[in-house]
Amino acid sequence: MADHKPRYKTYNAPAGGWGAAAATAKVLLEQSVVAKGSKALLSMNKPGGFKCPSCAYPDQACEKIFDFCENGAKALAHEATKSRVTRAFFAQHSVTELMQQSDYWLEMQGRLTEPMRYDAATDHYVPCGWDEAFETIGRHLRGLDSPHQAEFYTSGRTPNEAAFLYSIFVREFGTNNFPDCSNMCHEPTSRGLPPSIGVGKGTVVLDDFDHAEAIFVIGHNTGTNAPRMMTNLVAARKRGIPIVAVNPMPERALIRFTEPQDLVQMATFGSTPVSSEFVHIRIGGDLAFFKGIMKVMFEREAAGETVLDHDFIREHTVGIDAVREDALAQDWAEIVAVSGLEEAQIRRCAEIYIRSSATIICYGMGLTQHQYGSQLLQQVSNLLLLKGNYGKPGAGISPIRGHSNVQGDRTVGVDEKPSQAYLDRVRDVFGFEPPREHGHHTVESVEAMLAGTARVFIGLGGNFVRAVPDTDRAYAAMSKLDLSVGIATKLNRGHLVHGREALILPVVARSERIETSRGEQFVTIEDSMSNVSASRGVLDPASPDLLPEVEIVCRMAMAALPDSRVDWRRCIDDYDAIRDLIAEVYPAIYSDFSAKIRDPAGFHLDIPPRRRVWPTPNGKANFLPMPGLHPDDPVDDPWMLRLATVRSHDQFNTTIYSYNDRYRGVYNDRMVLFMNAQDIADRGLKEYDKVALETIFGDGVHRRIDGLTVLDYPMPRGAVAGYYPELNPLIPLDYYDRTSGTPAAKSIPVRIVV
Ligand code: SF4
């Protein structure tokens with residue numbers, strides 16, 4: 001529960017600006033790291049410094065003193081905090097007692113300091129040595145009937161070197177069970193885009209923003225989830241570039257923003273209007289919006305105008321006819337009804353798109369977290385193909401990733417569906433035959449735990465049970481395990497919902513130095529735009545008993561695989577040796593890795609569509625039709641509302657920094673429901689009424705959350721929003737995109753119960 005009384009006050013000021021500066025100062029004070037934190041922030045995202053442990057937005061590589069945002073500062077301050085979770089803390093608090101505490105309270109307790117094991121007799125975590133911890137892990141893994149009885153989770157905070165070794169360790173162990181955090185966010189990008197353009201990544205680099213003639217930002221709350229991107233959007237607006245923001249929530253930063261490092265704006269309380277067209281779309285209205293724009297384009301072509309890039313289409317693509325037929329067959333009244341938009345606005349957006357010869361389309365979870373999220377992204381790619389918006393400056397598709405190295409982890413092998421060619425290279429480089437059958441993604445791993453076929457869970461970072469859907473069932477699943485292991489910097493609920501045996505293993509944080517027998521080591525991070533760069537910690541580790549993720553992975557491997565073919569000991573000491581192995585397994589993109597990474601700016605991985613090369617089975621970019629206008633299955637209930645789970649501005653994934661969400665005018669409360677005024681009235685409700693939400697889903701499981709405060713908010717009809725992880729219990733485990741495994745957390749069918 002928040003320390004203070006809930007308060008709600010509409011926020012009309014620009015986002016960013018003095019508010020961001022004040023929030024940065026506040027969090028450094030709160031964590032008692034004003035001097036230490038401020039010094040570290042000077043190195044964050046700077047050559048020779050460390051990468052922000054929060055989102056994956058590229059470094060501006062600018063001349064500016066600071067290259068971080070308010071939310072990066074929160075992540076750093078919470079990592080550098082003076083607070084410590086010591087053995088005395090665990091002696092004082094039983095696990096049952098800790099379970100009563102809020103996620104915020106757990107976060108505020110500080111950094112873990114030494115390995116702990118769960119003592120069932122006392123229901124407390126007690127200290128255990130590192131050797132004992134690895135012995136326990138080895139014993140359990142070697143004791144399994146099958147390697148497929150273990151689940152190996154990865155959080156996007158894991159750097160390339162540790163993620164790569166984890167992927168080799170787990171494959172030598174014999175499984176591809178790699179549930180990872182990207183399964184819950186951009187997996188539709190990784191699974192949906194390859195059939196279209198051949199890669200599961202964005203094709204845009206930072207420099208493209210300086211050349212774009214139009215920018216679309218769809219289903220992404222940029223001011224909170226990638227705040228430094230605002231610098232690029234504001235610069236584009238100042239160049240007179242139209243920005244179309246598409247979102248069910250009028251996110252403040254997409255309306256008006258003050259660049260904190262713009263001294264004139266700060267001195268004059270000035271700001272920049274960001275979106276030239278704010279598209280207040282209904283939840284699930286994006287497909288209709290895209291088809292509306294395509295319909296306008298094809299109608300104008302049919303009327304004799306040339307609005308498509310015919311040369312590009314002829315030379316580089318196949319399949320346009322089906323997409324044309326489908327778009328032209330759509331009925332405007334239907335498009336308007338499903339999107340919740342006026343036809344005129346869709347036509348204005350089409351005009352913006354048609355007039356631009358170089359357009360970037362950025363997107364976030366608002367597009368991916370739907371039952372047909374992967375196909376929905378293919379429609380974004382169709383739109384870009386119509387105008388040849390690939391492989392030229394200022395154009396392309398840009399998934400904005402929410403976790404610092406989530407893309408990098410996938411690139412270096414954290415993948416439950418690895419390609420056979422990759423597995424062949426692993427065999428050739430390491431001399432063991434890797435498992436060929438696909439493994440579990442996140443939802444499947446929870447299902448395996450519920451079924452009792454999974455017996456061991458290892459979490460390399462993260463807060464699994466809070467991040468996944470169907471919280472109550474996830475808790476039950478974790479409790480059935482023989483062993484659960486949480487590798488982390490801070491205490492979280494994922495450590496309190498545990499197996500019969502359980503371990504908490506504390507790691508050296510991103511901002512902290514890594515010292516081995518070969519001297520200081522650095523790790524590498526791949527950002528949202530495929531730039532790989534070095535990250536060197538600048539702070540002393542929070543405790544002498546922490547280990548780097550690389551050493552933890554290597555020692556788990558040595559404990560589980562006594563006859564391993566890999567020289568884990570060498571990897572512990574020399575991170576260049578790891579990078580040399582990465583170069584051997586990925587010669588096409590990582591050759592000469594150890595040398596190239598010495599460039600302070602890092603280097604970009606090759607993205608073939610940037611060269612108009614399409615690594616698809618047919619060697620072409622493919623137009624891929626999608627039937628209908630709905631990215632989710634319709635639900636026949638007149639009182640059904642679509643719920644989108646969202647982050648507040650003071651939150652990073654499941655980490656809660658405070659109970660405030662100032663850009664949405666919410667203070668000291670996380671149990672709120674943003675709702676349309678007419679929808680409130682239609683249900684005989686008033687603002688600030690307390691209600692419950694129930695999920696409408698025919699699997700016989702009753703899902704309900706009570707105690708939500710109704711807030712009259714500019715939501716489209718039929719749409720409501722609330723915070724995760726508090727509302728994750730409402731997401732059925734089986735409610736996900738079949739192509740990617742991603743939970744449809746932005747379109748949950750619910751009803752209000754009073
Ligand atoms: S934009 Fe993202 S990566 Fe950059 S400082 Fe902010 S939170 Fe960190």
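Let's start at Phe169: leaving aside residues up to four places away in sequence, Phe169 touches Leu141, Phe152, Val553, Met556, Ala557, Ala560, Leu561 and Trp568. Keep in mind that this is a predicted model.

Together with Leu141 and Phe164, it touches the most other members of the largest nonpolar core, a set of 69 residues. Helix α8, which runs over residues 160-173, gives the most to this core, with nine residues. There is also a second, separate core of 54 residues, and Leu193, Val279, Ala327 and Ile335 are among them. As a rule, nonpolar side chains in soluble globular proteins tend to be buried together.

Now step back to the whole chain. You'll find 32 helices and 33 strands in it, and 67% of its 754 residues count as buried. Look at contacts with a separation of 6 or more, and 78% of those in the chain come from residues 24 or more positions apart.

How does the overall size work out? A compact globule of 754 residues would have a radius of gyration near 27 Å, and the chain has 25 Å, so the two agree. Along the principal axes, the C-alpha atoms fill a box of roughly 75 × 60 × 55 Å.

Finally, have a look at helix α18, residues 343-355. At 1.5 Å a residue, its 13 residues should span 18 Å, and its end C-alpha atoms are 18 Å apart, so that agrees too. The buried residues of α18 are Gln345, Ile346, Cys349, Ala350, Ile352, Tyr353 and Ile354.

Methods. Residues are numbered from 1 along each chain as its sequence is written. This is a predicted model: local features need pLDDT of at least 70, side-chain atom pairs count only at pLDDT 80 or more; totals for chains, interfaces and linings use all residues. Side-chain values use heavy atoms; hydrogens and water are left out. Helices (H or I, at least four residues) and strands (E, at least two) are DSSP runs, numbered from the N terminus. The expected span of a helix is 1.5 Å times one less than its number of residues. Buried means under 20% relative accessible area, exposed over 50%, partly exposed in between (1.4 Å probe, protein chains only). A nonpolar core is a set of buried Ala, Val, Leu, Ile, Met, Phe, Trp, Tyr and Cys residues joined through side-chain atoms within 4.5 Å. Contact means heavy atoms within 4.5 Å. The radius of gyration is taken over C-alpha atoms; the globule rule is 2.2 Å times the number of residues to the power 0.38.
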